[in-house]
Amino acid sequence: MWFSPEFDGVFKAHVPVKEILMVSSAMAILIIGCIIINAIYSGLAFKPSVSFVCLALMAGISEETIFRAMLIPIGMRYLKVKNRAVATVIISSVIFGPLHLTNIFVGADPVMTLIQAFMATCGGFVLAGIYLRTGSVIPGMIAHAVYDFINFVTDPTINEKGVVVSDSGNVGISYYVIILAVSVTLLVAGCYLIRKTKQETIENIWQTKWSN
């Protein structure tokens, strides 16, 4: 269906490169925020590996394919509500974030997994906003993979399989306050991408994608 005459595809962008870069820069909130958190509370590490490159690419491509490239076009085509873009972002993000809780079954620390699920839900708003504002899933895939790779190599509590196996003694209210602040900022950034003044732009992009 991605390549059918009915749909303009998930890869073709409908805005200039400058706009793509500006919209995608919202992911910098998550990247910079996690680097700061890791540096303060976990003792910033740098442990690059081929395995982490592969894991980051796999997550960026597969998760953006499922939660953005598949769910969002379905929502934009079939949801019959006034603000279908907003509804689609909420639905896709609320599915995307909590699914990270399954990491508990592969040995992830329960508390850190809850935090990860919350941050992923907030991040889903940004990634969905990037897709809606550009019409292409590629910027989101790149931003997602870059974030995952940087987090893998800078967080010493993540094992070689990309799973957070401990909280590294991260106790204290300040840690959770910063996590909450980064997550809420990310959520606000995602909402800003799909704000009311951009609804017409989003609708024009998606009407074009479905009208070919």
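Predicted model: local features only at pLDDT ≥ 70, side-chain atom pairs only at ≥ 80, totals over all residues.
**Exercise 1. The largest pocket**

Find out which helices supply the lining of the largest pocket, and which residues lie closest to its centre.

*Solution.* Start with the volume: the largest pocket has about 890 Å³. Next, look at the middle. The lining counts 44 residues, and those closest to the centre are His100, Asn103, Gln116, Asp148 and Gly162. Now turn to the helices. At least two lining residues come from each of helix 2 (28-43), helix 3 (50-78), helix 5 (110-134), helix 6 (138-154) and helix 7 (173-193). Helix 5 contributes the most, with eight residues. Finally, sort the lining by class: 24 residues are nonpolar, 15 are polar and five are charged.

**Exercise 2. Helix 4 against helix 5**

Work out how helix 4 and helix 5 are oriented to each other, and which residues make the contact.

*Solution.* First take the axes. Those of helix 4 (residues 84-96) and helix 5 come within 8 Å, crossing at roughly 140 degrees. Angles over 145 degrees count as roughly antiparallel, and helix 4 and helix 5 are therefore oblique to each other. The crossing of helix 4 with helix 5 is right-handed. Then list the partners: helix 4 brings Ala85, Val89, Ile90, Ser92, Ser93 and Phe96, while helix 5 brings Ala120, Thr121, Gly124, Phe125, Ala128 and Leu132. Grouped by class, this contact of helix 4 with helix 5 holds eight nonpolar and four polar residues, with no charged ones.

**Exercise 3. Helix 2 against helix 7**

Decide whether helix 2 and helix 7 are roughly parallel or roughly antiparallel, and describe their contact.

*Solution.* Begin with the angle again. The two axes come within 10 Å and cross at roughly 175 degrees. Helix 2 and helix 7 are therefore roughly antiparallel. On the helix 2 side you will find Ile29, Leu30, Gly33, Ile37 and Tyr41. They meet Ser174, Tyr175, Ile178, Ile179, Val182, Thr185, Leu186 and Ala189 of helix 7. In class terms, the contact of helix 2 with helix 7 has ten nonpolar, three polar and no charged residues.

**Exercise 4. Helix 5 against helix 6**

*Solution.* The axes of helix 5 and helix 6 come within 8 Å, and their crossing angle is roughly 155 degrees. Helix 5 passes helix 6 in a right-handed crossing. To see who touches whom, pick out Leu127, Ile130 and Thr134 in helix 5, which meet Pro139, Gly140 and His144 in helix 6.

Technical notes. Residues numbered from 1 in each chain as written. Heavy atoms only, no water. 1 Å grid on protein atoms, 1.4 Å probe; cavity = no way out; pocket = protein on both sides within 12 Å on 5 of 7 lines; lining within 4 Å. Points joined across faces, edges and corners; volume = space filled by probe spheres on them. Helix = DSSP H or I, 4+ residues; strand = E, 2+ residues; numbered from the N terminus. Nonpolar A, V, L, I, M, F, W, Y, C, P; charged D, E, K, R; others polar. Axes fitted to C-alpha atoms, helices over the stretch in contact; angles between N-to-C directions. Parallel < 35°, antiparallel > 145°, perpendicular 65-115°, else oblique. Left-handed = near helix turned anticlockwise from the far one by under 90°. Contact = heavy atoms within 4.5 Å.
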